Amino acid sequence: TCWLPNPILGSAHLAPGTMTVPEVPAPEEAPAPIGAAQPKVDDEDQREGLLSAEEREENDDDHWGEDGSTEDDVATGIRRGRTETMAQFVNRQYQNIVHFFVEDWFLSAALGIITAILSIGVDVAIEYLLHLRLSMFTYLSDVSVYSGFCYWVLHIGVCVTFAALFCSLVSKQAVGSGIPEVKVIISGFALKNYLSLKTLVAKVIGLVFTLGGGLPVGKEGPFVHMGAIVASLLTKATTACRYNQFFSNEGREMEMLSSGCAVGIACTFSAPAGGVLYGIESTSKYFAVKNYWRSFFATTCSALVFRFAMAAIVPPHIGGTITAYYQTSFPNEVFLVEEIPLFILLGVMCGLAGALFIFVHRKIAMFMRTNRLFLAVFGKSPVAFTALIACLVAVVTYPGGIGKYLAGELTFRETLADFVANCTFTLSNETGIGCNSERISHWTGGDGSIHPLLTLTCYLIVYFFLVAQCISLHVPAGIFVPSFVMGACGGRIMGEALAMWFPDGIRGAAGPQIYPGLYAVVGAAAYTGAVTHSLSIAVIVCETTGQLCALLPVLIALMIANAICSFLQPSIYESIILLKNLPFLTDLPPSRISVHTLKVEKVMVRELYFISRHTTYKELRDLVIATPQLRSYPFVTDKESMCLLGSVSRRYLVYLLYNKLGHDPALHTDKRRSRTASELLSTIHSFRRQSSHATGLSTLATPSYLTDRNISGNTLLAHSPLHDAGVHHRALAPLLSRQTDPHLDLPPQSMVERATILASEVLIDDAAIDPAPFQLVNGTSLFKVHTLFSLLGLNHAYVTERGRLVGVVSLKELRETFANIYLRGALPIQRRSMARPAVGENGIA
């Protein structure tokens with residue numbers, strides 16, 4: 001008869017104290033006869049002796065201190081009738097208060113303040129470079145048209161080339177937005193050097209010169225990345241506090257990363273509430289509500305520092321340019337019921353335009369990766385191509401040429417301020433409705449010779465393709481601000497056209513007028529929400545404009561645009577993840593019937609590597625060497641019945657072979673470039689016990705140490721990792737303590753002895769077997785499989801039928817199945833044979 005654990009939740013049902021060794025009471029601890037009077041004990045140490053074995057074990061496991069002593073909380077003290085002195089009470093409350101402020105408030109405040117300081121420094125440096133460009137261009141243009149043109153091109157070309165070169169030399173991980181990589185990291189996969197200090201330096205310098213040069217990209221993505229790096233560095237800075245249970249919590253790093261992403265958005269738009277929501281939407285699939293307040297507190301501190309610096313630190317002549325607020329002055333009755341179909345139409349157009357933008361960007365990126373001619377010319381020199389595109393952008397935006405049709409001398413901030421203005425470009429002769437002459441000159445070629453609608457249309461078309469190309473360059477670049485500006489341009493075109501057709505308003509002179517700025521705000525929110533697949537844009541819009549009257553039309557257009565684009569294309573961030581082939585399980589698009597009808601048996605791998613009690617050491621050694629990409633192996637009864645008993649980690653099997661056969665270099669190959677969520681969380685704060693002092697062996701000749709975190713096959717933690725100091729009280733204690741046994745340095749073995757050991761059957765310690773790995777039953781839909789893998793951060797799951805192991809499904813199979821889900825739906829993959837060693841849990845190999 002096969003014992004079958006829970007097929008869905010697996011080891012999630014195991015409590016931390018499930019696997020324990022019962023204590024045998026000592027003779028002096030024998031319980032008194034029933035009915036006997038219990039002696040009155042006044043001494044605290046004697047009262048401790050009256051506790052039962054289960055109570056002492058609970059006390060040891062749950063309240064074990066760093067110095068080997070035990071402490072009880074208030075509830076336990078009341079239950080056991082304990083008393084404490086006033087000094088002990090005050091000391092305990094003092095420690096609680098210190099931990100409360102240091103662990104939660106101080107770290108969150110430090111995250112917000114440091115990121116805000118970085119934001120202020122970057123913004124000031126960018127504005128100085130842009131001011132230098134405009135002033136020098138104006139001066140040289142007065143001297144000679146050609147000198148002005150040469151300087152305009154050289155300024156953009158030199159600044160952007162320097163940014164690309166700096167990122168290429170210091171840290172290539174600083175290139176791009178950063179949000180896709182942070183999204184992958186938060187989902188549980190470790191990407192090398194993406195959260196390092198040198199990446200932060202390269203991101204800051206590269207962003208300053210990229211935006212200071214005038215390249216049409218945004219800064220919100222790099223700021224999200226910078227916020228995540230600051231959060232990661234702060235987490236590493238708390239190493240000295242790792243004795244505390246709070247800092248050793250493996251989920252704390254992910255909470256800090258999520259807060260860092262929210263702070264990055266808050267610094268970009270001065271939107272504390274919208275920043276938290278957008279940071280969660282753009283980087284996390286699932287978010288714990290209890291962590292909301294940390295993110296809000298961090299963003300509030302960031303906003304306070306930002307606003308204080310605006311008034312006290314930043315020079316007055318640029319203080320108004322780096323603010324993210326675009327104050328509007330719409331009346332409360334800013335729209336009519338008759339305009340709601342127009343907002344719906346604007347949402348439909350923004351959704352289609354957002355899907356087209358993602359498609360164009362993907363085609364451009366694929367061309368740069370696959371075209372032979374392009375690779376022959378620029379394949380090994382992305383800096384040269386970046387410099388070429390920068391010069392092309394400079395030529396297109398030159399104010400004396402094509403740029404006069406595009407308002408080329410304006411930055412995104414100035415352009416957006418014009419778009420959301422509460423006036424019209426076309427009704428300039430009517431008092432109170434038309435914009436002032438300075439603002440109108442931006443969109444009429446300076447001399448009024450060009451119609452504003454022509455300028456706005458050219459601006460939208462040209463920047464649509466320029467932005468799609470520029471965010472693919474070898475520089476830090478964001479997509480949020482360019483999308484916001486392009487959406488506002490499209491909405492402004494619609495609003496100006498309506499103002500021309502209805503100069504007195506839809507209801508006539510007696511009714512309210514048409515406000516083109518309102519349509520710009522709605523278009524900005526709808527288009528940005530379509531491109532990024534987020535709904536928190538509505539909150540950001542309300543915070544940046546300072547008004548709530550536009551909330552209803554913004555929500556209407558935003559939801560429609562988001563629904564249309566999400567049905568047609570993935571978000572821009574997930575599209576970049578797919579282009580870079582990062583280890584990430586994409587979100588499912590809405591209304592795909594195939595994910596419900598296709599079952600797991602159609603995509604699982606049936607040819608498996610497994611071990612049993614009858615496996616010999618030779619078979620085990622060959623198996624471990626042949627499958628370096630696997631991190632755990634199913635443990636079955638035998639080859640005939642294939643009843644799944646559990647899972648055994650590769651780390652333990654390597655230790656077992658080392659214990660029997662000595663050091664073997666062939667066992668220490670590792671081809672994996674990243675780790676899954678459970679593996680990452682289970683090794684964040686693992687023991688650093690590999691030292692020659694402990695074992696008398698060099699680290700080169702010793703396998704990695706086992707802990708109660710990594711011995712369970714790296715699915716979910718079957719053993720609590722929070723009380724390592726009391727590990728000798730656990731069932732794993734004998735196994736873990738044998739690693740420090742000096743007798744592990746085996747004497748030389750003869751050929752006969754080695755052959756005898758290789759031919760014998762393996763002896764696997766039962767404590768090293770994860771008895772409940774994640775399992776799915778035959779017939780489980782891919783929708784449920786996707787939900788479990790996304791929610792629990794799984795790398796693989798075994799498929800069973802009445803307890804019999806029939807296959808395994810991993811991230812790689814799911815990613816291949818969902819590769820063309822937007823075009824063709826979920827498709828079963830081709831069967832793999834045993835000739836390919838990469839089967840099983842190799843979803844990220």
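Partly exposed residues are those with a relative accessible area between the buried limit of under 20% and the exposed limit of over 50%. Asp622, with a relative accessible area of 36%, is therefore partly exposed. Welcome to this predicted model, a protein in which buried residues make up 54% of the 845 residues. Here is a short tour, starting with the whole chain and moving on to some local details.

**Overall picture**
- The protein holds 32 helices and six strands.
- Its accessible surface comes to about 37000 Å², and 62% of that belongs to carbon and sulfur atoms.
- Taking contacts between residues at least 6 apart in sequence, 77% join residues at least 24 apart.

**Confidence to keep in mind**
- The average pLDDT is 76, and 74% of the residues score at least 70.
- Over residues 1-74 the pLDDT is below 50, and this stretch has 89 contacts in the model beyond near neighbours in sequence.
- Residues 832-845 also have a pLDDT under 50, with 56 contacts beyond four places in sequence.

**Salt bridges**
- The count of salt bridges comes to six.
- One of them joins the side chains of Arg439 and Asp418, at 2.9 Å from N to O. Arg439 lies in helix H17 (residues 437-441) and Asp418 in helix H16 (residues 412-419), so this pair ties together parts that are 21 residues apart in sequence.
- Within that pair, Arg439 is partly exposed at 24% relative accessibility, while Asp418 is buried at 4%.
- Glu496 and Arg492 meet in a salt bridge at 3.0 Å, N to O. They are four residues apart in helix H19 (residues 480-501), which means about one helical turn separates them.
- Glu496 has a relative accessible area of 0% and is buried; Arg492 is buried as well, at 0%.
- Asp622 forms a salt bridge with Lys618, with the closest N and O atoms 3.2 Å apart. Helix H25 (residues 617-626) holds both, and because they are four residues apart, about one helical turn lies between them.
- Lys618 counts as partly exposed, at 47% relative accessibility.

**The three-stranded sheet**
- Three strands form an open sheet in the order E1-E2-E3, with antiparallel pairing. Strands E1 (632-636) and E3 (769-770) stand at the edges with a single partner strand each, so one side of each has no neighbour in the sheet.
- Strand E2 (residues 644-649) is joined to E3 by two bridges, and Ser647 stands opposite Asp770 in E3.

**The E5-E6 hairpin**
- Strand E5 (residues 796-801) runs antiparallel to E6, and six bridges join the two. Ala797 stands opposite Val809 in E6.
- Two residues lie between E5 and E6 in this hairpin, and Arg802 in the turn has a positive phi of about 55°.
- Strand E6 (residues 804-810) is largely enclosed by the rest of the structure, because six of its seven residues are buried.

**Two more places to look**
- His786 sits in helix H31 (residues 782-792) and is buried, with a relative accessible area of 6%. Beyond its neighbours within four places in sequence, His786 is in contact with Leu585, Thr586, Asp587, Leu588 and Phe818.
- On the surface, Met86, Phe89 and Val90 form a nonpolar patch with about 300 Å² of accessible area together. Met86 belongs to helix H4 (residues 86-143) and counts as exposed, at 61% relative accessibility.

Note on methods
Residues are numbered from 1 along each chain as its sequence is written. This is a predicted model: local features need pLDDT of at least 70, side-chain atom pairs count only at pLDDT 80 or more; totals for chains, interfaces and linings use all residues. Side-chain values use heavy atoms; hydrogens and water are left out. pLDDT is the predictor's confidence in each residue, from 0 to 100. Contact means heavy atoms within 4.5 Å. Patches are made of residues with over 30% relative accessible area and no salt bridge: like charges are joined within 9 Å, nonpolar side chains (Val, Leu, Ile, Met, Phe, Trp, Tyr) within 5 Å. Accessible areas come from the Shrake-Rupley method with a 1.4 Å probe; for residues, only the protein chains shown count as cover. A salt bridge is a side-chain nitrogen of Lys or Arg within 4 Å of a carboxyl oxygen of Asp or Glu. Buried means under 20% relative accessible area, exposed over 50%, partly exposed in between (1.4 Å probe, protein chains only). Two strands pair if DSSP finds at least two bridges between them.
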